Every structure is written in C-alpha cells, then in structure tokens.
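Open your viewer and get ready to click along. We will go from one selection to the next and look at what is there.

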Amino acid sequence: MNKKDNFDSDVIMDRPEEACGIIGVISRDKRDDVCERIYLGLYALQHRGQESAGIATYHDEFVNIKRGNGLLTSVFTPGDFKILEGNIGIGHVRYSTTGSGYVQNVQPIIARFWGGMMAISHNGNIVNSKELRNALIENGAIIHSSSDTEIILHLIAQQKERCLEKAILSSLDRISGAYTIVQIAGGKLIGIRDPYGFRPLCLGRTVNGYVMASETTALDIIGAAFVRDVYPGEMIVCDGNEVKSYRFKETQRNALCVFEYIYFARADSIIDGISVYEVRKKMGKELARMSKISADIVIPVPDSGITTAIGFAREANIPLEIGLFKNSYVGRTFIDPGADDRGSRVKIKLNPIKNALNGKKVAVVDDSIVRGTTSKRIIKMIRDAGAEEVHMYISSPPITHPCFFGIDTSVKKTLIASAQTIESIRRFLEVDTLAYITIEGLSKAVGKPLDTLCYACFNGDYPVPVIEESEDGKLLLEEYKVLER
Ligand code: SF4
C-alpha cells in the first residue's frame, strides 16, 4: 500500500516515517520453536512499520514463511505458530520506502542458493540499489520485487566463494547506504549493521540461544537479557551455541539516525547504550532553556511528544496538561481525500480537551514538522477549543534536506523548512510563537559528539555520498554538502 492511496494506517502523518523493525532468534535446541518469540518481538516493534509483517523459520533445512500486508495481528492467526516451526527464525515489520508496498516486497524475502535456503529481513535503504539492480539484470538475474533487499540476496548467491561468511562479506563490499539485516543462511542466524550504523541493532541472550533486534523493547518482551549493541560495520554469526563477530569495515565516523532518539524508537528502548526516554526529557529541557516561554500550560502532541513535554514543563516550571486526547484504537482507516481537507484525519486520532485548553496560553510540544499540514490542523483544533494563545516548540531542528537512508522524506519540495523561514512557517501554522531545538541542543541532549550521529536532514552533511532521483532524471547530489569520508 502506498501513502498516495486513501487507506491510511497512521493518521498523524506529518513526520518522518520509519522504514522497518527486524528481529532474529536462534535456539540451540532443534525442537524449540522460536516463532512465538519472533511474533512477540515484532509486536514490540510494530511502531517501526505498520504496512506489512512477516516471519520466516528454519526447520529441517527448509524455510517456512508467512507474510502479508497489514498489522501483525491481521497477518497472523494462532494456527500459524504450528506451521512456522523451527529453531531459527527472523521477522519483519515494514513501512515501505524503496519499493512499493506490493505484497512481493513484503519481507522476509526467501530464496534457495548454493548454501541451501536463505531468508533475509532488512531495515534501511541502499543508496546504490539502482546501479546494482541494473548490473544484476545485465548478468541474467531475474528480479522478483522492486525492494532493494532482494539485491542483497542476489549478491550473496552470485559469489564464487563457497564460504558463507566470506560470500556475505564480499557482497557487503558492493553495498552503500543504510542496512541493518537479520538473516538465516547455512543453518545460522546472522546479523549485520552497516559501517555507519544508521539503524540500530542489539544482541540479546535467551535461555537457549540468542536474539538480535532493532530495539531492546523486543528483547524485553521475550525475556532476553541485553548483551550489547551490534557495532557499526559488524557481522554477527550465531549457531545457537556461540557468537562469532566479524568487523568488516571501519569508518571515521558513525551515523546513527538521530531521529531514533527524537521519534522513531520507543521511549522504553535503549539505543547504542543511551535511554531514549532520558534523551527525550533532556531535549525538552534544552528546548525550554533556549526559548522564551509565556504560557499557562504545556501540552504534548501524543505520543512521541509526551516525554519531551515532561522535560520542557519541568525546566519551564509550567504545569503539564493533557490537552489532546489520542484514540489509541485507530487501525487502517478509509477516508475520502476531501475529508482530509476538512482535517478529518487528525480528528480521527486526536480530540482536544476543552476544559484543559479554554482561555489558556498553551505551549504545544511536538517532535517534528515535515510538511506542516498536520501541525496546522492540530493548532486550529487547539484554538477552536478556546485557547487564547498557542506557542509551538519542536524537538527537532527544521528539516531542510531529504533523507536517502530509508526514511520517507526523500523529496525536498515536500519539506516546508526547505523553502521557508521559521517566521513564514509560523505564519502558515498560525501560531504566536514557533521555536525549534538547535542541532547543538539536540546533540547535547543525546550526549554524543556530532560526528557519531546523522543530522543530514537538518544540515545536508550526508555521511554517505548519495544520488537524488528526480522526475527530470538523475540529479547528482552536489548541491548539498556531501562529506567524503
Ligand atoms: S537524513 Fe535525517 S532521517 Fe535520514 S538517517 Fe540522517 S538524520 Fe535520519
């Protein structure tokens, strides 16, 4: 399903959307089916993608698979656990960016190759996928999907080298961009994080084996103990008994996407050793410190704005209220595009609490503004509920540049801050104040040096040279500051 369609799985869309959540589990006991653990892990990662879900398990040298469009609960039934037997498994929840949401792009992707059956789940975006796909087709490969994940599978299958680990590492040499992978191959569970570490991946231990997942919340739900984060440029191979680590590439910098801390990850996750919850509170604190605030109450835009608003309200010494009530039971909704013009999409999910807002000067805390359309509707909703003044505080800097690493902000002209000043955005939103956190403030809140995170959508400093695809053809990304490292 494509965002252009009228079905909409997330009615609050005016923010960057994540690409995927992945998990892999292996048990040393061949009779220990891991499917239920993968299902639970995906449940804890559902926020990372709601368009499709899939699980593949390895049993008797064969891969069982079930996948489909929709939320995890609509794709799987209890009966699937009996079919998906096996002591190794991987799972995937997807928000489609590269490749459409058609069912052939739903992951995991499986294939038979010289090493037996292989299954792969991928989070990220390969920036040279078009070039690689063309080269593969030129060599006679039959490509089944438009997703860049299938390319990884082909590259491994085409290696002359018959050592699985070496074949995978040689394939990774040709790939550029963001890729975090969990994979079943050769009867092993394999986890890979790209050399920049754009997307998170952590390693945990269960009673009978190991687990790797996008976030620690997936470890918590299955009772796995956190071991460590997978390092950027590391491949981990688990056979159930032991874990082997291969550091395949070192870079001069890391580039974990800072939006993991701002919005993507769940607040109860620990990403690269740092609590998302604590970072968000500090972001609120920094935002309050750098702003002039004249308000009676602070309200968050739920959900991701909540933790930030706690820090903001404490620092500003202003009461925190719930001014917007979120309906948590919204799944896929069919609405006609005209209804969207009337703001119905926002109203389905959020309703103002008039008693909290009426006659008040309100400071609204949100995590980001992409196009500005949803923010404008939320502001109108707050004013219609009787707010006297509305001041807006955003815990990410203005998004001025597109993302090429798996987040759906790849078209520059859709980003309101790419062409407008903060003052003109303020007028468009019809707020009394509009303030954004700075890159320095954000970096201080995360507590990591600037060159350990990706901030490219705020400053155009792309960690990996990328090529922008435009409707007019290929546009080399020289208009941005590409850092050759
Ligand atoms: S460009 Fe922005 S959204 Fe994309 S990886 Fe970098 S920080 Fe994240």
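Select the buried residues of α10 and show what covers them: the cover includes α9 (276-289), β18 (297-300), β22 (361-366) and β23 (389-394). Helices here are DSSP runs of H or I with at least four residues, strands are runs of E with at least two, and both are numbered from the N terminus. The model is a predicted one, where local features need pLDDT of at least 70 and side-chain atom pairs count only at pLDDT 80 or more, while totals for chains, interfaces and linings use all residues. Residues are numbered from 1 along each chain as its sequence is written.

Which residues of α10 are buried? They are G305, T307, T308, A309, G311, F312, A313 and A316. A residue is buried if 20 or more other C-beta atoms lie within 10 Å of its own, exposed if 12 or fewer, and partly exposed in between, with C-beta atoms placed from the backbone. In an α-helix there are 3.6 residues a turn, so residues three or four places apart point the same way.

Now show the whole of α10, residues 305-316. Its 12 residues reach 16 Å from first C-alpha to last, close to the 16 Å expected at 1.5 Å a residue; the expected span is 1.5 Å times one less than the number of residues.

N317 sits in the loop between α10 and β19 (324-326). Is N317 buried or exposed? N317 counts as exposed because it has 9 C-beta neighbours inside 10 Å.

For a contrasting stop, select D272, in the loop between β16 (270-271) and β17 (274-275). D272 also has a positive phi, near 45°, but D272 counts as buried because it has 21 C-beta neighbours inside 10 Å. Most residues other than glycine have a negative phi, and most peptide bonds are trans.

Next come two cis peptide bonds. One joins P302 and D303, with omega about 0°, and D303 lies in the loop between β18 and α10. Another joins Q107 and P108, with omega about 5°; look for P108 in the loop between β5 (88-94) and β6 (109-113).

Finally, zoom out to the whole protein: 18 helices and 27 strands, with buried residues making up 52% of the 485 residues.

Terms used: Contact = placed C-beta atoms within 7 Å.
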